[in-house]
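Dear colleague,

Here is the structure that I promised to pass on to you.

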There are 2 protein chains.
Amino acid sequence: MQQNETLHLSVDCVLFGYDDAGLKVLLINQKRTEPADSNVKPMSQLPGDLILLDEGLDEAAARVLYELTQLNGVYLKQFHAFGDPNRVKDLKDRAWLRSVRTQPEQRVVTVGYFGLVSLHDFNPKPASFAGSADWIDLQDIGELAFDHNEILSGAIDALQSQLESQHISFELLPKKFTISQLQSLYEVVLEKKFDKRNFRKNVKKMSHVVPLDEKQQGVMHKPAQLFSFNRDELES
Amino acid sequence: MQQNETLHLSVDCVLFGYDDAGLKVLLINQKRTEPADSNVKPMSQLPGDLILLDEGLDEAAARVLYELTQLNGVYLKQFHAFGDPNRVKDLKDRAWLRSVRTQPEQRVVTVGYFGLVSLHDFNPKPASFAGSADWIDLQDIGELAFDHNEILSGAIDALQSQLESQHISFELLPKKFTISQLQSLYEVVLEKKFDKRNFRKNVKKMSHVVPLDEKQQGVMHKPAQLFSFNRDELES
């Protein structure tokens, strides 16, 4: 068996921020080197870093996100490992990597995590070694560092395909929610409009969405019925 | 950034073998050391090994499965990376690891792959460094080496939850299949019985299953209608 001495492992986090207007993604800017080197062109990238030798993968994802953006308590879910032998060897990334890594030529396999949070509850603050940390509109995202466009696109697929069965929407909506809130979430994430009556009909078939014997309170309009998620029917 | 010098990456393959009678899993036996060491108790394990420095993850999974079992052309899908810092450090695994690895104490993160094949099409042959390679009934599987019981259970979840939307059943059934064949597959994988009429009704709602204008030929009973998968509707 060949030992793979010079392989490193990192985690990268794709955090989606949700509000009724659409989805954003949390990106950081690679910091400019000091002294400034005109060969190094800092790019936008997903928050990610090498894992520590004594930490698990989930733990690493939470730590790295916190260290780079000061965000805490985010539900992150592993979705895919990216292991192209050349994934950090592109010309566009080389100068920056050389400026921050002691072994910039070595292979890095990364494990991707994604999460979905309410945009208004989470205000990222960049770490001293990240130039900035911002919510960027999904449609405004250009070329990212490394293979991060590919990782982002894998995360979008995972988010869309897991929205129904998984914990993801459970984490985002309030404990008791209306069908309109659920429909907005589905429309934004799946990027399509649903007919109100059909959506309501489909919700009734979802075993993990339970109608409550309760209505909204303190609203000006006709109070809507409230629903909650049945934890037992959710996949973890 | 701390460099994780002493971390290794492996792949492990959970290959499910299907026939009408149930699901089996391909396991290999760790080979006894020569000279025999009574401290080393070879266990059953999933086919897996360290990746090579210049190969991608999918490539590594196909190579490792082939090298250990001589099986080729299997559709394998990545499902999860397992990175508990202590996953290969259990007492039960230590003596065997010491007998085969030059750095048995070092951390190994593994990327799990799963696949589903027809039991009768794939006859594994153990490599010289595997004691044996056999299809084992799912319910007969006892304690496996390392965290392989956990990996197996993750693969079962992935298989069950992806059976409908994904490429998995597409790979297994013939190009043109009957509803009975599809129902058998669902019943075996999901471990439950379906009512024939309800199953047929549900199949009609599956956008990736297309009725053909064709019937079975050369059968003694009343020929059944044939169906095929619509590739465009399948997730990769």
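Domain bounds, as used below, come from an automatic or database domain assignment. On that basis chain A is divided into domain 1 (7-162) and domain 2 (167-233), and the C-alpha centres of domain 1 of chain A and domain 2 of chain A lie 31 Å apart.

Please bear in mind that this is a predicted model, in which local features need pLDDT of at least 70 and side-chain atom pairs count only at pLDDT 80 or more, whereas totals for chains, interfaces and linings use all residues. Residues are numbered from 1 along each chain as its sequence is written, and chains are lettered from A and ligands numbered from 1 in the order in which they are written.

As to confidence, the model scores ipTM 0.88 and pTM 0.90. Chain A averages a pLDDT (the predictor's confidence in each residue, from 0 to 100) of 89, and 94% of the residues score at least 70.

Between the two domains of chain A, 11 residues of domain 1 are in contact with 9 residues of domain 2, where contact requires C-beta atoms, placed from the backbone, within 7 Å. On the domain 1 side, β2 (22-30), β6 (107-118) and α3 (148-162) of chain A each supply at least two residues.

Turning to the two chains, a rotation of 180 degrees with 0.0 Å of shift along its axis superposes chain B on chain A with an RMSD of 0.0 Å (by least squares on the C-alpha atoms of residues with pLDDT of at least 70 in both), which is the relation of a two-fold axis. The same surface serves both copies, as 100% of the contact residues of chain B recur in chain A. In this interface 33 residues of chain B are in contact with 33 residues of chain A, and β1 (7-19), β4 (48-50), β5 (77-82) and β6 (107-118) of chain B each supply at least two residues of the chain B side.

Finally, of the 102 residues in the largest nonpolar core, Val14(A) and Val14(B) touch the most other members. Such a core is a set of buried Ala, Val, Leu, Ile, Met, Phe, Trp, Tyr and Cys residues joined through C-beta atoms within 7 Å, buried meaning that 20 or more other C-beta atoms, placed from the backbone, lie within 10 Å of the residue's own.

With best wishes

Key:
Helix = DSSP H or I, 4+ residues; strand = E, 2+ residues; numbered from the N terminus. Buried ≥ 20, exposed ≤ 12 C-beta atoms within 10 Å, placed from the backbone.
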